[in-house]
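I hope it is handy to have beside the viewer.

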Amino acid sequence: MRNRVERKAKLMEKAEEEIEKLLDWMEETEAPDLSSIEDIVLKLRKRIGEGMTEEVIENQESVRMVPGPACPECKEEMHYKGMKGKSVSSEVGEVNLNRGYYYCDSCRRGLFPPR
């Protein structure tokens with residue numbers, strides 16, 4: 001888990017990347033209309049929101065459940081198989097997460113438990 005200074009630096013880096021894209025667009029686009037301006041700003045806001053959401057979720061303490069969750073099928077403890085990437089739709093857009101993945105050897109079921 002990152003500390004406050006590291007989290008702020010990561011968030012600022014993501015915001016600066018998006019601001020650079022906006023500045024590039026402003027330099028490349030001559031006399032944009034209001035609709036074009038709104039489109040680019042809304043896309044920027046969406047990407048920044050997604051990045052902020054990912055950062056908050058990744059820095060939660062509950063990365064791995066101990067012990068593993070019970071299998072929904074057979075109720076046996078599931079085994080931790082490591083962190084796996086998962087993309088989820090949220091109100092701010094698509095968010096890419098790294099979450100603990102669990103597997104039941106008996107039922108051959110996988111699970112990404114909620115955080």
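1. Let me start with E55, which is found in helix 2 (helices, H or I with at least four residues, and strands, E with at least two, are DSSP runs numbered from the N terminus). E55 is buried, at a relative accessible area of 2%. Here buried means under 20% relative accessible area, exposed over 50%, and partly exposed in between, with a 1.4 Å probe and protein chains only. If neighbours within four places in sequence are set aside, E55 is in contact with R2, R7, K10, L11 and K14, where contact means heavy atoms within 4.5 Å.

2. A word on the ground rules before going further. This is a predicted model, in which local features need pLDDT of at least 70 and side-chain atom pairs count only at pLDDT 80 or more, while totals for chains, interfaces and linings use all residues. Residues are numbered from 1 along each chain as its sequence is written, and side-chain values use heavy atoms, with hydrogens and water left out.

3. On to the salt bridges: the structure holds 5 of them, each defined as a side-chain nitrogen of Lys or Arg within 4 Å of a carboxyl oxygen of Asp or Glu. One of them joins the side chains of E18 and R47, at 2.5 Å from N to O. This pair links distant parts of the chain, with E18 in helix 1 and R47 in helix 2 (residues 34-58), 29 residues apart. E18 is buried, with a relative accessible area of 7%, whereas R47 is partly exposed at 32%. A network of salt bridges links E18, K21 and R47.

4. Within helix 2 you will find E50 and K46, 4 residues apart, about one turn of the helix. Their side chains meet in a salt bridge of 2.7 Å, N to O. E50 is buried at 12% relative accessible area, but K46 is partly exposed at 42%.

5. Which side chain does R109 meet in a salt bridge? The partner is E73, at 3.1 Å from N to O. Because R109 lies in strand 3 (residues 109-111) and E73 in the loop between helix 2 and strand 1, the pair ties together parts that are 36 residues apart in sequence. R109 is partly exposed at 34% relative accessibility, and E73 is exposed, with a relative accessible area of 53%.

6. E13, E16, E17, E20, D24, E27 and E28 form a negative one. E17, one of these, is found in helix 1 and is partly exposed, at 42% relative accessible area. I19, L23 and M26 make a nonpolar patch of about 260 Å², and M26 is found in helix 1 (residues 4-28).

7. Areas come from the Shrake-Rupley method with a 1.4 Å probe, and for residues only the protein chains shown count as cover. Lys and Arg count as positive and Asp and Glu as negative, leaving out His and the chain ends; a charge is placed at NZ of Lys, CZ of Arg, CG of Asp or CD of Glu.

8. Finally, M83 is found in strand 1 (residues 79-90) and is partly exposed, with a relative accessible area of 37%. From C-alpha to C-alpha, M83 and N96 are 12 Å apart in space, and they are 13 residues apart in sequence.

Notes. Patch = residues over 30% accessible without salt bridge, like charges linked within 9 Å, V, L, I, M, F, W, Y side chains within 5 Å.
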